[in-house]
Amino acid sequence: MKKKLAMLLCAGMVMGLLAGCGGGNGKGETPGNESAGAETGKDAASGGDEASAGSESEDSGEAVKLTFWKSPHSDREDEIWASMIAEFNKENPNIQVEFLNVAWDSVVEKETAAFAAGTGPDISFQTEQFPLYAKNGYILSLEDYADEAKRAGYPASALEYCSYDGQLMGIPFVALNSVMFYNKDMFAEAGITEVPTTWEEMEEVAKKLTLDKDGDGQTDQWGMMFEMDDYWQPLTYIIQAGADQWNENLTNIGFNNEQGIEGLTFFDKLYNQDKVVLPLEKYSSRDEERAYFYNGQVAMFPQQIHYTNIIKEASDINLGAFAIPAGPAADEAHAKWNFANIGMLAISSQTQHPDAAWKFVEFITRPEIEKTYLSEVGFFSPQLATNDLMYEGDEIMAVAAEGIASLQVSPASDYANAMMQNLKILYENVARGEKSPADAISGMYDAMKAISGE
């Protein structure tokens, strides 16, 4: 596997992220935040006056107030965290944690503005965009907090993913990958007895499941769909063809090449030649689109594993899952790639109470505690001990667990937000037939270059 993909090889993860996408501009930065962030980071790294003041305040017996920001992975996000925070408060009555549920499409913008103003959350959930905060000194290094005993429960590559410039910047909290959800009854009605394992097999199955059921000359059942605001699933084909997500410097795309065009061409073929994918003009919102799958009008739906609970709560279809079919890349790691991620809990370098914040992070990441959230939402943990406590006998999670055992996580980059926003443009340009795969990729490359300068 090339440098652009970090391999998280967790052979012990037999059973049970994130991720989401923020808003803001290309890099998620606001003018003037670099000098302010660098100064704050220096104070935090040297254990300056703010950290000392935080410890003294906690020791004085006064109630310490902390803010915790996280974007939702469940409709019950607030309820789940209220319960976990209440349990934390039993052990730590002098620490009060306020939870704020921040929408994915605005989290980068809000966090960037808050950090730049010196009012960032004490604790936050971070995904692939965290380097843009780390490089500006907004996140506290945990080198002096996470001892060897704490680190021992995680694969080295999970800790490496959560590090910046050699410093551990967060504790891994969630691990996720993607599967192909499918309607078992629709497969059975079409006489399909084996799930597809390759692009070619998936294409043939999708054709069999795309039908004009009422004979009016219009398709009313489709083989598959891609969620309209998902940035990652179309990337699967690009990487499975042998390309990479990032260039060497993590500043621009790594698929402005023949392999990238080959992968996006397959995506284009499914939409515009085979016409086996639910067309974008059929819906105008995520809820409208999902209804096609819930109502049995779409047979296959590639998505992150935590969608299991979302689908089950919204429908009564006979739901199954299988591994994302492999592509034509020569090496297995590329050929079997699917979107995966790690989410972490980070502490702000601006906090007045770093010791109290660490107590919260340490409490939440105890295996017996974090399983409360992960099992409710449908995630796995990067912490091996936690997965042994969850999902026993769950058929769908067993499919995901096989992928978790060899999780491939693309490196985090401070250009991740720009990547996500431009992937959506690329996806829609091709799906709507507005650009050829080659032109769409070239356009994304130029857009990213205008942002990063590389």
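The report below covers the model, a sheet and some helix packing.

## About the model

This is a predicted model: local features need pLDDT of at least 70, side-chain atom pairs count only at pLDDT 80 or more, and totals for chains, interfaces and linings use all residues. Residues are numbered from 1 along each chain as its sequence is written, and side-chain values use heavy atoms, with hydrogens and water left out.

Helices (H or I, at least four residues) and strands (E, at least two) are DSSP runs, numbered from the N terminus.

## The sheet

Five strands form an open sheet in the order S3-S2-S4-S14-S7, with mixed pairing. Two strands pair if DSSP finds at least two bridges between them. S3 (95-101) and S7 (171-176) stand at the edges, each with a single partner strand, so one side of each has no neighbour in the sheet. On average, neighbouring strands are turned by 20° against each other, direction ignored.

S7 pairs with S14 (residues 341-347) in the antiparallel sense, over five bridges. Val-174 has Gly-343 in S14 as its bridge partner.

## Two packed helices

Helix H9 (residues 199-208) packs with helix H11 (residues 258-273) at an angle of about 10°. Their axes are 11 Å apart. Axes are lines fitted to C-alpha atoms, for helices over the stretch in contact, and angles run from 0 to 180 degrees between N-to-C directions. H9 is therefore roughly parallel to H11 (angles under 35 degrees count as roughly parallel).

Trp-199, Met-202 and Glu-203 in H9 meet Gly-263, Phe-266, Lys-269 and Leu-270 in H11. Contact means heavy atoms within 4.5 Å.

Key:
Parallel < 35°, antiparallel > 145°, perpendicular 65-115°, else oblique.
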